[in-house]
Amino acid sequence: MDSVVHFEIPADDVSRANNFYKTVFGWSIEKAPMPDMEYYMANTATVDEQGKTNQPGAINGGMMPRNFPGEYPVLVLNVASIEESIAKVENAGGKVVMPVMPVGDFGRYARIEDTEGNTIGIWEDVKK
C-alpha cells in the first residue's frame with residue numbers, strides 16, 4: 001500500500017508563510033540546498049541523520065513560492081515504481097500534470113491528477 005510521506009505548501013509570500021507555520025504550529029522551516037529552485041523543508045517532527053521523522057506517523061514537508069493562482073497544497077505518496085504508478089493512474093482515468101523529474105540523488109518525483117481534478121505528488125526513492 002502506498003502511503004503519504006510528504007506534503008508541499010505553495011505560498012504567495014514564503015517568508016510570511018514560514019512565520020505563520022513556525023508561530024502557530026512550532027514547525028522548523030529551513031531553506032533547502034537546491035540550486036535550481038527556492039524550496040524550504042518544513043519539519044513537523046524531529047528528524048534523524050537521513051532527514052526521516054523520529055515520530056511514528058508524522059510526516060514532514062516542503063514550502064515553495066506559488067507557481068500560479070489557485071495552486072493548493074499537495075500530498076505526496078511514496079510508490080515502489082513511478083512508471084508503474086503512472087500507468088495505473090492513466091489506466092484509471094487520471095493524467096500526469098508534471099512529468100517525472102530527478103530530485104538530487106534522493107529520488108524521482110511527478111505530479112498526477114486524479115479523476116476529480118485533485119493533484120497528488122508521487123515519489124520513488126532512489127535505490128541504493
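Strands (E, at least two residues) and helices (H or I, at least four) are DSSP runs, numbered from the N terminus. The model is predicted, so local features need pLDDT of at least 70 and side-chain atom pairs count only at pLDDT 80 or more, while totals for chains, interfaces and linings use all residues. Residues are numbered from 1 along each chain as its sequence is written, and side-chain values use heavy atoms, with hydrogens and water left out.

Start with the whole chain. Colour by secondary structure to find 2 helices and 8 strands, in the sequence order β-α-β-β-β-β-α-β-β-β. The C-alpha trace spans about 45 × 35 × 30 Å along its principal axes.

Next, select strand E7, residues 107–113, which contains Arg111. Is Arg111 buried or exposed? Arg111 is buried, at 10% relative accessibility; buried means under 20% relative accessible area, exposed over 50%, and partly exposed in between (1.4 Å probe, protein chains only). Show side chains: Arg111 and Tyr109 are joined by a polar contact of 2.9 Å (a pair of N or O atoms within 3.5 Å; within protein, one must be able to donate a hydrogen and the other to accept it, and residues adjacent in sequence count only if both atoms are side-chain atoms).

Now display the residues around Arg111. Leaving out those up to four places away in sequence, its contacts (heavy atoms within 4.5 Å) include Glu8, Met64, Glu71, Val96 and Ile120.

Finally, move to helix H1, residues 14–25, and select Phe20. Phe20 is partly exposed, with a relative accessible area of 44%.
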